[in-house]
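Hello,

Here is the structure for you to keep alongside your sequence work. My notes on it come after it.

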Amino acid sequence: MKLSDYVFDFLKRKGVQCVFMLPGGGAMHLVDSLGASGIGYVPFLHEQGAAVAAEAYAQHTNTPGVCLVTSGPGATNAITAVTAGWIDSTPMFVISGQAKRSDLVGDKGIRQSGSQEAPTVSMVTPITKYAELVLKPEKIRYHLEKAWHEAVSGRPGPVWLDIPLDVQGVCIDEDNLAGYEPEEMKVSDLSGFIENAVHLIMTAKKPLILAGNGVKLSNAADEFLSLADDLGIPVQTTWKTADLLAEDHPLYVGHPGIMGDRGANQIIQESDLLLSIGARLDASVTAYHEEHFAYHAKKIIVDIDPNELKRMNVPNAVKAESDAGAFIRKLHRSWKALEESDRKRNIEKLTEWLSYCKEKRKAYPVVTSRHSEAAGRVCAYHFIDVLCEYLREDDVIVPESSGGAGEITYQAFRIKKGQKMKNAAGLGAMGFGLPYAIGSCIANGGRRTVLINGDGAFQLNIQELETARRLNLPIKIFVWCNEGYASIRAMQRNNFEGRFVASDERSGLTLPDIEKVAYAYGFKVLRIKDNSKVREKIREILSDDQPCVCRVDVDENETVSPRVMAHVAKDGSITSGLLEDMWPALADKELSSGESR
């Protein structure tokens, strides 16, 4: 059996149904074997697009997204998306071609020997759980099994196999290949930790749960919802779990952070117990002030990564290294073991706190009449508010991974039960939106997918309009046009006295006409110019599932509001504000008793 055939036979046996790829001479045996394997494949027009789509596919399915690229530039083009997968714990399986073994640099001390040769494994090792240059054909089963295991076990993440051209074409005896035997996974003894958690929950007056991406990565979303219902504790989510609870869920009280909603930030700062499950409590959530995060609260922190736990410098915390799903199941069993009367009494005790949390969010709505009544160009907040009204419960939503199109969308969006919403905000790379939407749509069986993109970010992978057109995917693409990089302009305006550099036409940046480009790719093209026309146009666009591109002329000066502001001092140091002190500042009479200044 040819080795390249064995590779795709292995992946087929693992249940892989789709490979995102771009062919190349350095991977010619692999490409041929993929075509003969019966596995579906989607050719992209840039390797970054293929890898982004694989990352999105994996995020939505919780199974490895497979990407095939050629040697050298094919591999380096995929690295940005793999970096995003590394940060967001995405199980990706990347296969790249490589120059023949006899042509490799090895220890020659030169920079390149083989055609399109590059030190791929050296470059991707820091952003993968397992990366290997396959030099011995008889080790292929071992490498495949180990890579797959690493991708899906523990804290998931990307893996990468780099296979030289002559290795790809070698004939092997598939019945005499050594396999990989994984070490037995360490199972944490959580008995004492769970007992303490139950005690803290029973004695807390203002408990709060923060659900992170670990809940979904451990395939425990349904079990989490069942636990939350039985506990009766208010729940907040991170951006990666924004679609875990619907906006109207009885326990949902927002998502906190630098660009969270004001009510949610105040709630987390007033809580007296924070149960963080599978959330890495990164700076976007804590506003770079871990010591001040949920400062009134005792904290129960559960994370699968011991290094993340060590990094978290939050006071009053007890921590457990555990898979989120395992913790959820054990805590639920212990909770159910309590007397029913005690559990019922605890829920009744929390009724006033839950009501307070709900009222707190109502007091500080993200979208107000100011947004809907704005005249002239489209207000982004009003756009998202109306979009939420007309989206169906089976829609898939993809906010761009950087800039206002992602940040405002997450802040203002109201999830309905059944909707799915993800992006790659951890890395925050421009250009992920379109290929991410393609991967998301495919992962969800062709469900209608709505992309909210910015005109600047849209350019970075605009070539994938052809991929979306070729596949005739039901993707509605809304491109917010604000004549440049609005987030960069805001940063330059706020911190550098309005000295704009490469952020709009006046400062050297130009962008092409979105409508003409989309039309050239064969898309139906629409436009929303005025805030008063938003409802009418969105209703028209969402009346069917046909793909289209809609240019939305948004206010070029609109920025994320509210937000925790960072301040750049004259010496170049940067200081972030406190989580509860969001810009624009509230009047003193609006501040709750639990807030600090």
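Below are the conventions, then the sheets, the helices and some side chains.

This is a predicted model, in which local features need pLDDT of at least 70 and side-chain atom pairs count only at pLDDT 80 or more, while totals for chains, interfaces and linings use all residues. Residues are numbered from 1 along each chain as its sequence is written, and side-chain values use heavy atoms, with hydrogens and water left out.

Sheets

Helices (H or I, at least four residues) and strands (E, at least two) are DSSP runs, numbered from the N terminus. Two strands pair if DSSP finds at least two bridges between them. Axes are lines fitted to C-alpha atoms, for helices over the stretch in contact, and angles run from 0 to 180 degrees between N-to-C directions. Contact means heavy atoms within 4.5 Å.

β5 runs parallel to β6 (residues 159–164) and is joined to it by four bridges, with Val 159 of β6 as the bridge partner of Tyr 130.

A second open sheet has five strands with parallel pairing, in the order β8-β7-β9-β10-β11. Here β8 and β11 (317–321) are the edge strands, each with a single partner, so one side of each is left without a neighbour in the sheet. The twist from one strand to the next averages 15 degrees. Five bridges link β7 (residues 207–211) and β9 (residues 273–277) in the parallel sense, and Leu 210 has Ser 276 in β9 as its bridge partner. Packed on this sheet is helix α14 (residues 324–336), which touches β9 and β10 (298–303) and makes about 130 degrees with the direction of β9.

Helices

The axes of α8 (residues 191–203) and α15 (residues 340–349) come within 9 Å and cross at roughly 50 degrees. The two helices are therefore oblique to each other (angles under 35 degrees count as roughly parallel, over 145 as roughly antiparallel, 65 to 115 as roughly perpendicular and the rest as oblique). Ile 201, Met 202 and Thr 203 of α8 make the contact with Asp 342, Asn 346 and Lys 349 of α15.

Side chains

The structure holds 10 aromatic pairs (rings of Phe, Tyr and Trp, the last by its six-membered ring, pair if their centres lie within 6.5 Å; planes under 30 degrees apart count as stacked, over 60 as edge-to-face and the rest as tilted). Trp 239 and Tyr 410 are stacked, because their ring centres are 4.7 Å apart and their planes are at 10 degrees. Trp 239 lies in the loop between β8 (235–237) and α11 (262–270) and Tyr 410 in helix α19 (residues 404–412), so the pair ties together parts that are 171 residues apart in sequence. Tyr 410 is buried, at 1% relative accessibility (buried means under 20% relative accessible area, exposed over 50%, partly exposed in between, with a 1.4 Å probe and protein chains only). Phe 10, Phe 93 and Trp 148 form one aromatic cluster.

Regards
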